[in-house]
Amino acid sequence: MASQRSAVGKEVAFIGGLVVIAVALILYLLMSSPDAAAPTAGPPATLQAVEPSVPAAERQSPLSVERRVEADPLAMGDREAPVVMVMFADYRCPFCAKFSRETEPELVQRFVESGTLRLEWRDLPIFGEQSMLAARAGRAAAEQGKFWEFNHAVFAVAPERGHADLTEDALIEFAQQAGVGDIAAFTAGMRDGTFNAAIDADLAQGNSIGVPSTPAFVVNGVPMLGAQPTEMFVRAIEDAAKRP
């Protein structure tokens with residue numbers, strides 16, 4: 001009797017195993033079917049990074065985000081430079097700070113000063129009220145011709161991880177370090193809504209192309225995401241400069 005129960009148990013276990021395998025196979029076939037892979041309606045695809053070495057014919061359509069505004073205080077480099085790199089950033093973003101400290105100086109020395117590259121800043125304040133406050137502060141510094149000095153002062157001491165604590169007092173101190181002369185005017189601009197429309201325009205531009213996070217860059221219409229190694233930016237700029 002015991003041997004019969006043992007045999008029955010083995011048969012049940014064997015049949016159960018076959019059932020599990022069959023279910024798994026059915027699920028695999030369903031997930032692999034063309035219908036399962038068909039895209040569904042939803043929001044536009046987000047900005048995707050593209051390797052500079054990818055042939056132009058295989059890239060997505062260029063993203064038209066550069067402005068080339070004359071005497072733009074939030075831009076650096078020749079207005080007619082053959083390469084424009086638009087950067088979407090947040091003052092509280094540690095990776096934006098990493099780019100500012102480690103990569104931007106070399107790009108300025110190698111490409112901006114030679115007339116090859118123009119940098120255009122876009123505010124993308126995505127880390128709360130302090131991000132918006134800092135964006136207004138940057139614009140207030142720009143009103144006095146000290147945008148990049150203020151920008152670099154903020155990023156120079158930003159933490160490598162987490163978000164910087166950018167209170168009004170801290171931003172005023174950065175403005176003083178940057179050489180902003182009229183601190184009262186700077187403070188007023190930081191506090192009121194004078195620059196909100198311009199910042200919102202930057203946000204709208206970032207959202208229109210699906211920027212998912214900061215920092216994000218567009219080099220002559222080709223996107224790059226994150227604070228990548230400096231050599232990746234060098235490759236992208238050199239590649240863009242060669243294209244007609």
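Predicted model: local features only at pLDDT ≥ 70, side-chain atom pairs only at ≥ 80, totals over all residues.
View 1. On the H6 side, the residues in contact are Glu 149, Phe 150, Ala 153 and Val 154. They meet Leu 171, Phe 174, Ala 175, Gln 177 and Ala 178 of H7. By class, the residues of this contact are seven nonpolar, one polar and one charged.

**View 2. The ring pair of Tyr 91 and Phe 155.** The ring centres are 5.6 Å apart and the planes meet at 25°, so the pair is stacked. Tyr 91 sits in the loop between strand S2 (83-89) and helix H3 (94-102), whereas Phe 155 belongs to helix H6. The pair thus links parts of the chain 64 residues apart. Both Tyr 91 and Phe 155 are buried.

**View 3. The ring pair of Trp 121 and Phe 147.** With centres 5.7 Å apart and planes at 65°, this pair is edge-to-face. Trp 121 lies in strand S3 (residues 117-123) and Phe 147 in helix H6, 26 residues apart. Trp 121 is buried at a relative accessible area of 3%, and Phe 147 is buried at 2%.

**View 4. The aromatic cluster.** One cluster is formed by Tyr 91, Trp 121, Phe 147, Trp 148, Phe 150, Phe 155 and Phe 186. The count of aromatic pairs in the model comes to ten.

Note on methods. Residues numbered from 1 in each chain as written. Heavy atoms only, no water. Contact = heavy atoms within 4.5 Å. Helix = DSSP H or I, 4+ residues; strand = E, 2+ residues; numbered from the N terminus. Nonpolar A, V, L, I, M, F, W, Y, C, P; charged D, E, K, R; others polar. Phe/Tyr/Trp six-rings, centres within 6.5 Å; stacked < 30°, edge-to-face > 60°. Buried < 20%, exposed > 50% of the residue type's maximum accessible area, 1.4 Å probe, protein only.
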